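User: I'd like to learn how to read a protein model, one feature after another. Please walk me through this one.

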Amino acid sequence: MNAKFKIPEKFVDQLIKLPESGMGYQLVKVFLSNGKILHKHKVVNSSILLLESNEDISSLNIEKIELEK
Amino acid sequence: MYKDLRDIKLKADSDTSNVYERKSNKTGAKNNPLVSADGKTYYVRLSAYEDDKRIDVKNNCLLPGSYTTTKRDYEKCVNNNDDPVERYALPNDEVIEWAFHILPESKYQYRFGIVESAFGKRGGGEECYFENGTSFGTFKKKTNYGIFYP
């Protein structure tokens, strides 16, 4: 089971304007403030980021989210 | 020309739950041409979330860039006791609890396809991609999963 991270509202507003990858989810690239990029991550309901087991929720300071190409 | 196989071994199951991309059988809706709604057929969006963000409850419509399935495929999924998470290859295992019933006007177009396997889920359900969403008033009803409407 993936850990879940509730995405800040300003990114939710952006995500609901972007197309889905399938019913109820988007594949995204997440740019963190520490320079790290999370590739091919899943966002469900344009508002909840699913994390891998080795990813730390507490260090998630999101700078930008883009749809994965 | 054939070669005799001397030995075949089954590979141990590997965890495919983190495989992100859809397998590219090119059956998915986004790869297919636009088709027109007939103004009489319902489409159903399934969700684990009662406040599904792609349903605009202020204007009662589906937002652009959103997916649904067809009413017939939803009914087939329910009647066959199929698992919607598998059928629609959803990335998480949350239980689908809600169905949003949408009746697009005939002027609206969408892309129709068959859900490709992804995230270790088999796919195979019908999917409809509404690039431009649907017009105001086309979201008709929210029900619990398993309820048919109308």
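Analyst: Happy to! Let's start with a strand pairing: Val44(B) stands opposite Thr69(B), a residue in strand 5 of chain B. This is a predicted model, in which local features need pLDDT of at least 70, side-chain atom pairs count only at pLDDT 80 or more, and totals for chains, interfaces and linings use all residues. Residues are numbered from 1 along each chain as its sequence is written, while chains are lettered from A and ligands numbered from 1 in the order in which they are written.

User: How do I read such a pairing, and how many bridges join strand 2 of chain B to strand 5 of chain B?

Analyst: Two strands pair if DSSP finds at least two bridges between them. Strands themselves are DSSP runs (E, at least two residues), as are helices (H or I, at least four), and both are numbered from the N terminus. Here, two bridges link strand 2 of chain B with strand 5 (residues 66-70) of chain B, and the two run antiparallel. Strand 2 of chain B also pairs with strand 6 of chain B in the antiparallel sense, over five bridges.

User: Is strand 2 of chain B buried or exposed?

Analyst: A residue is buried if 20 or more other C-beta atoms, placed from the backbone, lie within 10 Å of its own, exposed if 12 or fewer do, and partly exposed in between. Five of the five residues of strand 2 (residues 43-47) of chain B are buried, so this strand is largely enclosed by the rest of the structure. Tyr43(B), Arg45(B) and Ser47(B) cover one side, Val44(B) and Leu46(B) the other, and all of them are buried.

User: Now a helix, please. Which residues of helix 1 of chain B are buried?

Analyst: The general idea comes from the geometry: an α-helix has 3.6 residues a turn, so residues three or four places apart point the same way. In helix 1 of chain B, the buried residues are Lys71(B), Asp73(B), Tyr74(B) and Cys77(B). They span an arc (of the directions from the helix axis to the C-beta atoms) of only 165 degrees, which puts them on the same side of helix 1 of chain B. The face turned away from that buried side carries the exposed residues Arg72(B) and Asn79(B).

User: What do the buried residues of helix 1 of chain B pack against?

Analyst: Their partners are strand 2, strand 5, helix 2, strand 6 and strand 8 (126-130) of chain B. Contact here means that the C-beta atoms of two residues, placed from the backbone, lie within 7 Å.

User: Which backbone angles deserve a look, and where is Asn81(B) found?

Analyst: Look for a positive phi in a residue other than glycine. Asn81(B) has one, near 55 degrees, and lies in the loop between helix 1 (71-79) and helix 2 (84-87) of chain B. With 7 C-beta neighbours inside 10 Å, Asn81(B) counts as exposed. Ala89(B) also has a positive phi, about 45 degrees, and sits in the loop between helix 2 and strand 6 (98-102) of chain B. Ala89(B) counts as buried, with 25 C-beta neighbours inside 10 Å. Another angle is omega: the peptide bond from Tyr149(B) to Pro150(B) is cis, with omega near -5 degrees. Pro150(B) belongs to the segment after strand 9 (139-144) of chain B.

User: Let's step back. What helices and strands does chain B have?

Analyst: Chain B has two helices and nine strands, in the order β-β-β-β-β-α-α-β-β-β-β from the N terminus on. Of its 150 residues, 37% count as buried.

User: And what is the secondary structure of chain A?

Analyst: Chain A has one helix and five strands, running β-α-β-β-β-β from the N terminus on. The radius of gyration of chain A, taken over C-alpha atoms, is 11 Å, close to the 11 Å of the globule rule (2.2 Å times the number of residues to the power 0.38) for 69 residues, so chain A is as compact as a globular protein of that length. Buried residues make up 30% of the 69 residues in chain A.
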